[in-house]
Amino acid sequence: MVVEMEQGMNELPAGCRQIQHYLRDNGLDCRVRVLAVSTKTAQEAANALGCALAQVVKSLVFRAKASDRPVLVLTCGDNRVSEKKVAALIGEKIGRADGDFVQARTGYAVGGVAPFAHRQPPLVLIDGAVHRFDRVWASAGTADSMFEIATGELIRLAGGQVADIAG
């Protein structure tokens with residue numbers, strides 16, 4: 001088990017503070033945790049938190065090819081995303097977003113993208129597989145921070161369409 005770093009609200013990195021405020025402003029008592037190890041990948045996060053890989057929600061950013069808008073896909077850590085299913089749902093082809101696009105549009109670096117509170121609101125799709133769990137873990141804005149949240153609240157705050165997007 002990994003020991004988390006003790007930090008008060010004012011000591012949290014800026015991205016984490018933003019997520020902590022967003023959670024509280026939306027009536028949730030979730031606590032952002034900054035860990036002593038990387039949580040950049042779902043597997044790293046699951047290892048650090050001692051939870052199942054599937055309980056870690058990945059925040060994957062794609063780039064809509066025609067409109068150039070960000071598309072955020074939230075899925076369980078053990079799932080792959082079908083780009084064809086996502087494209088069919090949004091009505092245009094998508095491609096992987098590079099780090100510069102992700103940072104500019106979300107305000108977060110790859111490996112630390114939170115599921116909400118983005119610089120530019122993305123089009124959001126949520127894999128229905130998240131319903132396997134009452135509570136899940138998601139990135140809190142940095143590559144070493146996470147927060148636990150009720151699945152229904154994650155869906156509410158992310159504001160996306162729930163669909164079958166697993167590949």
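**Asp127 and its contacts**

I began with the contacts of Asp127 (heavy atoms within 4.5 Å): beyond neighbours within four places in sequence, I found Leu74, Thr75, Asn79, Ala163, Asp164, Ile165 and Ala166. I am working on a predicted model, where local features need pLDDT of at least 70, side-chain atom pairs count only at pLDDT 80 or more, and totals for chains, interfaces and linings use all residues. Residues are numbered from 1 along each chain as its sequence is written, and side-chain values use heavy atoms, with hydrogens and water left out.

Asp127 sits in strand 6, residues 123-127 (a DSSP run of E, at least two residues, numbered from the N terminus). Which side chain of opposite charge is nearest to Asp127? I found Arg132, 6.5 Å away, and Asp127 has no salt bridge (a side-chain nitrogen of Lys or Arg within 4 Å of a carboxyl oxygen of Asp or Glu).

**Nonpolar cores**

Of its 36 residues, Ile19, Leu23, Val32, Phe116, Phe147 and Ile149 touch the most other members. Helix 5 (a DSSP run of H or I, at least four residues) gives this core its largest share, four residues.

I then checked Ile19: leaving out residues up to four places away in sequence, Ile19 touches Val32, Tyr108, Ala114, Phe116, Ala117, Ala140, Gly141 and Phe147. Another core, of 11 residues, lies apart and includes Ala64, Val73, Val86 and Ile94.

Notes: Buried means under 20% relative accessible area, exposed over 50%, partly exposed in between (1.4 Å probe, protein chains only). Lys and Arg count as positive and Asp and Glu as negative; His and the chain ends are not counted. A nonpolar core is a set of buried Ala, Val, Leu, Ile, Met, Phe, Trp, Tyr and Cys residues joined through side-chain atoms within 4.5 Å.
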